[in-house]
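Here's a quick briefing on one strand and its neighbours, plus a pair of packed helices. Have a look at the structure first, then read on.

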Amino acid sequence: MKILAIESSCDETSVAVVEEREVLSNIISTQIAEHRIYGGVVPEIASRRHTEAISAVCDEALKQAGIEYSDIEAVAVTFAPGLIGALLVGVNFAKGLALSLGVPLIPVHHLRSHIAANYIAHKDLEPPFLCLLVSGGNTVIAEVTDYTKFKILGGTRDDAAGECFDKTARCMGLEYPGGVTLDKIATVSDFSKYPLPFPKLSGSEYDFSFSGLKTAVINQIHNASQKGIEIDVPVLCATVRERVCDMLIANTFRAAEEFGYKKIAVAGGVSANSELRRRMHEECEKRGFKLYYPPLKYCGDNAAMVGAQAIYEYRDGNISGSDLNATATLPIDYR
């Protein structure tokens, strides 16, 4: 089944053609250079750029796949969660396209798509497994009991891990996107030089809180500035990165042991983080677990992962009509 998939939840306009777990094309138009001026994504600008780019991106996806619009058998689109204006561009384009082609419209949850990025790279991956889903807007530990069935075991109570990276990087004066830049320039961590807390939530052993960690980093930077002390940015970057990874890894493997999972997947934009990949690999090797994570090109937002999840949503009867609307917030286990 050839599915044309659309992703526009934040600042990437992407269209892909996917057949089962095979990607026939995956075109991404990024807005990073424009948002870099402001140090982060400006929602109004993002939605305008999606509107300008989406038709051309769609045409290019079909061209690279070597097919015509008439060959498309379904249209899939990210409808939640994300920036509401950005989502609406993709949803309305998808509704019009599906209606004009007379094919089914498949709504796809953004976080489910990130998990499905692993299906593209790992043909052997099948539920059930445990997934650490970590990005700029979300941090979730979920049981993937089936392709469209999920159970949240833990999540962040405040900031997401990627948000912690981005905001501390911005405070250090690093170029947007901050989390990526932080990972690139990090050297060796030093907690004696930059002591950072390890927040834990009483009675919620699988939940996270990154707000206090972010604040501790910002306070250290401000205190150093007031005293005229220069921050060793590469060392502070490495220290922040290690502490975030400490928290992610501790909760993930605690959940894996408690619920008996030996298959672990990592997904979302922060799954590209080099330290997280290295340490997850070490922990899984030590415990005899199987680890899955997407190739770097599928870690960020892209339409290929939307198409990969869409086939399972379609088989589960998750089809929408012209009344489909975008939703800014929605848990992964919605129904």
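A residue counts as buried here if its relative accessible area is under 20%. By that cut-off, strand β4 (residues 74-80) is mostly covered, with seven of its seven residues buried. Keep in mind that this is a predicted model.

**β4 and its partner strands**

- On one side of the pairing list is strand β1 (residues 2-7), which runs parallel to β4 and is joined to it by four bridges.
- Within that pairing, Ile 6 has Val 77 of β4 as its bridge partner.
- Strand β5 (residues 105-109) also runs parallel to β4, and five bridges join the two.
- Val 77 turns up again here, standing opposite Pro 107 in β5.
- To get from β4 to β5, the chain passes through helix α3 (residues 84-101), and this β-α-β crossover is right-handed.

**Helices α4 and α10**

- Helix α4 (residues 110-121) and helix α10 (residues 303-315) have axes that come within 7 Å and cross at roughly 95 degrees.
- Angles of 65 to 115 degrees count as roughly perpendicular, so α4 and α10 are roughly perpendicular to each other.
- On the α4 side, the contact is made by His 110, Arg 112, Ser 113, His 114, Ala 116, Ala 117, Tyr 119 and Ile 120.
- On the α10 side, Ala 304, Met 305, Val 306, Ala 308, Gln 309, Tyr 312 and Glu 313 take part.
- Sorted by class, the contact of α4 with α10 has nine nonpolar, four polar and two charged residues.

Notes. Residues are numbered from 1 along each chain as its sequence is written. This is a predicted model: local features need pLDDT of at least 70, side-chain atom pairs count only at pLDDT 80 or more; totals for chains, interfaces and linings use all residues. Side-chain values use heavy atoms; hydrogens and water are left out. Axes are lines fitted to C-alpha atoms, for helices over the stretch in contact, and angles run from 0 to 180 degrees between N-to-C directions. Angles under 35 degrees count as roughly parallel, over 145 as roughly antiparallel, 65 to 115 as roughly perpendicular and the rest as oblique. Contact means heavy atoms within 4.5 Å. Ala, Val, Leu, Ile, Met, Phe, Trp, Tyr, Cys and Pro count as nonpolar, Asp, Glu, Lys and Arg as charged, and the others, Gly among them, as polar. Buried means under 20% relative accessible area, exposed over 50%, partly exposed in between (1.4 Å probe, protein chains only). Two strands pair if DSSP finds at least two bridges between them. A crossover is right-handed if, with the strands pointing away from the viewer, the path from the first strand over the helix to the second runs clockwise.
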